[in-house]
Amino acid sequence: MTAYGRTFQLGAGYSGHQVQYSIDKVKELKTDGFFHINKTFLPAKIFYFLFMGSMVSFLPFVPVYMEQLGLNSFQIGIIRAVQPICTIIACPFWGTVADKFSIHRIVVLIGIAVGCTASGATYFTPSALNSTTTNSTSGGPSPPPLDWDDSLLTFSIMISLSTVFIVFLAPVNPMIDSNVMELLKDHPDTDYGKQRLWGAVGWGSMSGLTGLAMDTYVKYNPDGNRFLPAYIIFALMMAPAIIPVLIMKFPPHSTPMSISKELLNLFREVKIIIFFIIAAVCGLSLGVIGTFQFLFLNELEAPSLVMGLTLTFTCVSEIPFMYLSDRFIQWFGHETVFSIVLFCYSLRFFLYSILQDPWHILPIELLHGICFGALWPAAASFANKVAPEGMGATVQTLMSAASLGLGAGLGTIGGGYIYNNLGARTLFVYCGILCSVTTVLFIIYAILDYFLVKRRSRQTEYDRIQ
């Protein structure tokens, strides 16, 4: 064969490879794009939509609900702090139990059933306000908080039900995250972000609907409990979430030999410790925003519609970042994504501190797309990447315990104290400073780690040559 012939044959083969590659990429886009659903992951998408849709109709309004029952901001901070503290214990416990006995589906189902019941029971908590006080749950400004003696019963019931709620419901989402990560090992044509973004769709769609329903209900029932629509929407979304869990595929699970030994080996690495510190700081930021943002808006006399739209804006901004999360991680790496997230949290808090018009919070909330939409897929994929064999659920729940447990607990306890004594604006400034300092220190660590790794690789190459 002539050189020209060989060249033509090679060129034809290369062109054929390009054509096949293009066909494969088209199939990949059709497999699990935004409108082309991979049936294997359909139950996960439905679960994320229902679960997050139910949570947004309930959790953000709880601090305002407790305030209008007569509790002060410090009591609210304690109740909200107990939840993440319980997360620190409950998440690793349930994750370890599930990995040890391979009962992931059972743990999730029990969590949904018990958590839904406990949260619904908070609606029947008696108000600490007496009958001469203006209706505590109708529309309008919150009544003045009462002393500890007057509100002890209300406080005790709320903190008890909140504890049961979080102990059983906290591990549900990370357990599903872990299962999705396991399924993805056999489906490289899609990624975690394309599943998780449906949670953002549920969160965004139900947040505005909940706020509108509350305002409409008060308009036609001025003496009614304006939080009733929120509880109804919560129940209608959470109860059906059991169905996708029942039909979801849970791949075969290999039980680890020694969970404690594997965890000790894992936490000997500096990068793992740094990762959990970053998760805790981001969790602190989420805890402060989730607990005190609506209280701050209530001070500014923002209508329920603004509160609902605030959550809608956060979710609209999440969707593109979650959809493209796999590409962001490939382009920039986990460390760079974490640095950008911390910087955006800093900017977000500083903007909160100068906010005057409650409507102006809506464009600020677009930063949430990076703060959570880019963070959570990166954190979940990093946790899955470093998890020892058979310990995916354990590491995912540990990550949730560090962020939504330890970090959020510090944010709610410390934030409640600062909010009660110095005000919301000072709280936001302090949080902005914390995130800024953490960003700088993490960038310094990343630079030093880069050069150390580069130096080690050069030394290894030199030893190989020698």
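The legends below describe close-up views of cavities, a pocket and cysteines in a predicted model.

**View A. The largest cavity and the residues around its centre.** A search of the whole structure finds four cavities of 30 Å³ or more, and the largest cavity has a volume of about 1000 Å³. Its lining is made up of 40 residues, of which M52, L59, W203, L286 and L404 are the closest to the centre of the cavity. Helix 12, which spans residues 270-299, supplies the largest share of this lining, namely eight residues. When the lining of the largest cavity is sorted by class, 22 residues are nonpolar, 13 are polar and five are charged.

**View B. The second largest cavity and its lining.** The space in the second largest cavity amounts to about 90 Å³. Among the residues that line the second largest cavity are F275, I278, A279, C282, G283 and L286, together with F338, L375, W376, A379, M399 and S403. At least two lining residues come from each of helix 12, helix 16 (368-386) and helix 17, and helix 12 gives the most, with six residues. The lining of the second largest cavity divides into ten nonpolar and two polar residues, with no charged residue.

View C. Two or more lining residues are given by each of helix 5 (104-121), helix 7 (172-184) and helix 17 (392-422), with helix 7 giving the most, four residues. By class, the lining of the second largest pocket comprises six nonpolar, eight polar and six charged residues.

View D. A disulfide is a covalent bond between the sulfur atoms of two cysteines, and a search of the whole structure finds zero disulfides. C344 is in no disulfide, and the nearest cysteine sulfur, that of C371, is 5.3 Å away; C344 is buried, with a relative accessible area of 5%. For C435, the closest cysteine sulfur is that of C431, at 6.7 Å, which is too far for a bond, because a disulfide requires a pair of cysteine sulfur atoms within 2.5 Å. C435 is likewise buried, with a relative accessible area of 0%.

Notes. Residues numbered from 1 in each chain as written. Predicted model: local features only at pLDDT ≥ 70, side-chain atom pairs only at ≥ 80, totals over all residues. Heavy atoms only, no water. Nonpolar A, V, L, I, M, F, W, Y, C, P; charged D, E, K, R; others polar. 1 Å grid on protein atoms, 1.4 Å probe; cavity = no way out; pocket = protein on both sides within 12 Å on 5 of 7 lines; lining within 4 Å. Points joined across faces, edges and corners; volume = space filled by probe spheres on them. Buried < 20%, exposed > 50% of the residue type's maximum accessible area, 1.4 Å probe, protein only.
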